[in-house]
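Dear colleague,

Please find the structure below, together with its sequence.

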Amino acid sequence: MELIVIIALVVAAVTLRRQNTRLAALERDVAGLRALLSGGEPVAAAVADEPAAEAAASPVEDVVADDAEADTAGPWAAAARTAGEEAEVQAVAAPAGAPAPAPKRDLETALGTRWAVWVGGLALALGGVFLVRYSIEAGIFGPRVRLAGAALFGLALAAAGEVARRRGFRAPAAGVAGAYVPAILTAAATFTLFSAVYAAHGIYGFIGPAAAFTLLAAIALATMALSLLHGQALAGLGLLGSYATPVLVSSEAPAVWTLFSYLALVLAAAVAVASLRRWRFLSGAAFLGAGLWSLAYLGTSFGMDAAPVAVLNGLGIAVLAGLWLARAGEGERRPDPASLIAAFFLFVVTTFLARGIGGVPLGGGYWAAGLLAAALAAAAWRERAAPLLHAAGLAMLFVAGHAILGGRIDIDVLYGDLLFDGVWLQPGGDPFLPWSLALGGLLLAAGVAVARLVVPAEPGRAAAWAFWAAAVPLWVVATAWLSLGDLNVDWRFAAGGLAIAAILAVAAELVGRAEMPAQTGGRAVSCLVAGAAAALCYALLAGFGPVLTTVLTGLAAALPAAATRLRAWPALGWASAGFAAVVLARIGVDPTVAGRDFLSATPVLNALTPGYLVPAAAAAYAAWQLARTTGGRPRLAMEAFSALFALVGAAMLVRHAMNGGVIDAGEPSLAEQSIYSLIMIGGGAILLALDRRAPSPVFRNGSIVLGVLSLLAVVPAHLGRMNPLFTNEPTGTIPVFNLLLLAYLLPAVAMAALAWRAHGRRPRWYVAGLACGAVALAFAWVSLSIRRLFHGEFIGAWKGIGAVETYTYSAAWLVLGVAVLVAGLRFGSRGLRLGSAALVVLAVAKVFLYDMRELEGVLRALSFMGLGAVLIGIGMFYQRMLPASRADAAGQA
C-alpha cells in the first residue's frame, strides 16, 4: 500500500508540473483574446471555450456534472463567482442555441488533472490511518492522543477544503470537474473523522453508544450539507455514512423509535439536498437505503411493532411528493428513479404488513391501509408520482388475491372433467378484507374524480386512474365472494358486482363529457367501460346458475352494441366482443351448458337450445347494430361469434339427439357425421348469402373456411373410414330414403348448390373443389345404391360382386358422367366438366380392365357397345359445343 501511495504522489507531482506549464500558455492565449475583444475585432469561436470551460469547472456546476437537469442558479452559485468573472463570462458567451464543443480528453489530462487529485485525496486519508498505525506499533502515543490527532487531522483536511473553496478554486482545464480538489479534501476529512469516532467507540470504548451515534450522525449529516458546496459525490459519501451509522454502533437495548426517527431524518435531509440540486442519484439512493432498512427490520423482527416502518415509509411518501417532485422540471427524464424505488418498497412493505403472519395483518392492518391511502393521495397530488399509484394498485390486488390463491391449487382435466384439488389459505375469511373493501371504495371514488379532472390535459394519467378504479374494487369483491360467498348462487355479492358496474358506467359518461373534444371515448373511458362489462359478467356469474349465466351473458353482448346508438365509443364494440368471448369460454369449459348430469334428454327442448342460439342471436344483433354505428373490427368479431355459436349449437343439438341425450367424446356415426357435414355446407351458403347482402371479410373468409372444412370432412369420413362398404354398417330397410341418402346424395346436392352460388364470387379453386366434391359424393351414392340393390341393407365389400352388378356399375357410371357433363356445360362449371371426364375415364378403365375379364357373352358385348356409343356421343357433343363457346367468348372480348 505504501508503494502505491508513493508512486501516485510521484505521478501527481510530474503531471502537475506539466499542467502548470500548459496553464501558463492558456492564460497568455486568453489575455491576447481579451485584448482583441477590447479592440472591437471579431473573436473566433475558440474564445467562447474559455467561459464554457470555466463554467464547467465551477464548484456549482461540478456538483451536477452528471445530471442533465442541473440547476446552477442560486445563492451558492453566486458565492462561487466574483462579479468581474460573471461580467467576463457574459461578454464572451457563445450565441444562444450554439452547441458547446465537447472537450477532448486524453490520457495525459486524465492522469494529471483527475486521477492525481483522486489518488491524492485517498493518500491523505490513508496517511492519517498509517500515522495512527505507526504510533500504535511504536508505542509513541497513547490511544487518546492518537484519536485526538486523527480528529485534528480530519478537521484540518475539512478546513483546507473550505479554504480552497473560498479562494475560488477551479479546475485548470475543461472536462475535469470531477476532480474538484475542495470536495476531495472534504471527503478525506469525513473518512478520517468517521474512523476516529468509530475507533473511540468500537475499539477502545472511550465513548458510549449514544455519544458515538450522535457524533457519527452529525458527521454524516454535515457531510451532506457540505455537498451543496462540493458536489453530489460528497453527498453520496455522507448518505452512505448516515445509513451505516446504526450498523457501526450497537446497543444491548436498541430503541426502535430512535432508530427510525434517525432514518427518517436522514431520508428527509438527503431528499432536501437532492431537491435543491436535482441530484437524481442521491434521491434514489436515499429511498433505497430507507427501504432496505425497513425490510431488514421486518425480516429480523417479524411480529414486532409495525408503526416505525409505517411512519418511515409514510414520511418517504411525503418528502417524495412535497420536496423531490415539487421541484421537478418539465425537461427531466422519466421515469424518475426516486419514484420507482419508493413505489417498489411501498408494494413490498404494504403487502408484508397486510398479510403478516399466517394471514394476520401486523398492527391490525391500519398501517398498511394508511400507507396505501397516502400513496394514492401523493399520486393524485403529483403527476410524476404515478409509480406510487401503480404500486398501490398492485399491492391491493396481491393482498386481496393472496387470501384465496396463497394455498396449493392443482387443476387436472380427467375424462373431460375439470378438477380442482387444493386448500384455501384463508377458508372462511380474510382479516384484511374490511380494509381491502374500504381501499377499493376509496380508489373507485378517487380514480373517477382524478380521471375526470385531468382527462382534458393528461389523457394518459386519466387512463391510469380509470384502470385502477375499475380493476381493484371488482377484484376485491370477487375474491371476497370466492372466500366467503356461495359459489353456486350468491345474490349479496352479485348485487355488489351490479353496483360496481353501474358506478363505472356512470363514471364513463362523466369522464366522456370532460374529454376534449367531448365524448371521444379515449383510453380512460375505455378502461371504465371495460370495468363495467367485467363487473356485469361477475354479477351474472355470482347471481345465477350455469344455464342462466350463459344465456344472460350472451344477451349482455347486445347491450354495449345498443349503447353505440347514444355514444360512439370504440370500447363499446369491444365490450360486446368481450361478452361473446366469455360465453365461448363458458361453453368451452362445459359444452353441455347445464352440466352433463343435469342436461335433459329431450331433443331440442333442452339447455343447449338457449345456451347456444340465444348468444348467436344476440351476437347477430350486435353485429348488425355495430355495422350502423361504430363498425370496425368489433363488428367483424361479432359476426364471427354469431356464425360460430349457430353452427356449433346446431351440431350440439344433432349430437344430443343422435345419442339419446348423451354428449360425450365418442366417435360419431356416419349419420351424425353427415349432419355435421350438411351443417358446414349450409353454414358456408349462409355466410355467402350474408356477404352478398352486407359485404364483410368475416362472411367472405368464413364461407371459404366452412367449404374447405366440409371437403376435409367428406373425403376421409364419408368416402373413407365411415363408408358402409368398409364398415358394413346397416344402411336402412327403406329404399332410397336411407342412410345413403343422408350421407351421400344430400351432401352432394348441397355442395353442388354451394359451388353454383359461389361461381364468380369466390376463387376458382374453391368452386372447382366444391364441384369435384359434389361429383365424388354423387358417384359414391350411385355406386353404393347399386350395391344395396343387389345385397340389401348390409353392403360390406367382403360379400363379393356378381356379373350383372358389374355391368350395372359400368352403365350407371357412364350415365352419371354424361349427366354431370350436361350440368357442367349448362352452368358453365369447369369443375363439373372435369368431374364428368374423371367418371368417363373411370368407366373406360373399368370396361377395358375389369369387364373384359369378368363379363362373358351378351353382358360383355353390351358393355363395350354402350361404352362406344357414349364416347362417340360425347365426342360429337364437344365438337358442336366447343366452337360455339369459343365464339361467345370472342364476342364478349
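Arg492 is exposed, at a relative accessible area of 60%, whereas Asp490 is buried, at 5%. Here buried stands for under 20% relative accessible area, exposed for over 50%, and partly exposed for the range in between (1.4 Å probe, protein chains only). The side chains of these two residues, Arg492 and Asp490, meet in a salt bridge with an N to O distance of 3.0 Å. A salt bridge is taken as a side-chain nitrogen of Lys or Arg within 4 Å of a carboxyl oxygen of Asp or Glu.

Please note that the model is predicted: local features need pLDDT of at least 70, side-chain atom pairs count only at pLDDT 80 or more, and totals for chains, interfaces and linings use all residues. Residues are numbered from 1 along each chain as its sequence is written, and side-chain values use heavy atoms, with hydrogens and water left out.

The structure holds nine salt bridges. One of them joins Glu509 and Arg567, with the closest N and O atoms 2.8 Å apart. This pair links distant parts of the chain, 58 residues apart: Glu509 is in helix 19, and Arg567 is in the loop between helix 22 (558-563) and helix 23 (570-589). Helices (H or I, at least four residues) and strands (E, at least two) are DSSP runs, numbered from the N terminus. Glu509 counts as buried at 16% relative accessibility, while Arg567 is partly exposed at 26%. A network of salt bridges links Glu509, Arg513 and Arg567.

A further salt bridge is formed by the side chains of Arg280 and Asp336 (3.9 Å, N to O). Arg280 belongs to helix 12 (residues 280-300) and Asp336 to the loop between helix 13 (307-324) and helix 14 (337-355), so that distant parts of the chain, 56 residues apart, are linked. Both partners count as buried, Arg280 at 8% relative accessibility and Asp336 at 6%.

Beyond its neighbours within four places in sequence, Ser710 is in contact (heavy atoms within 4.5 Å) with Ser677, Met680, Ile681 and Met751.

Finally, Val489 is located in the loop between helix 18 (459-484) and helix 19 (491-514), and is partly exposed at 37% relative accessible area.

Yours sincerely
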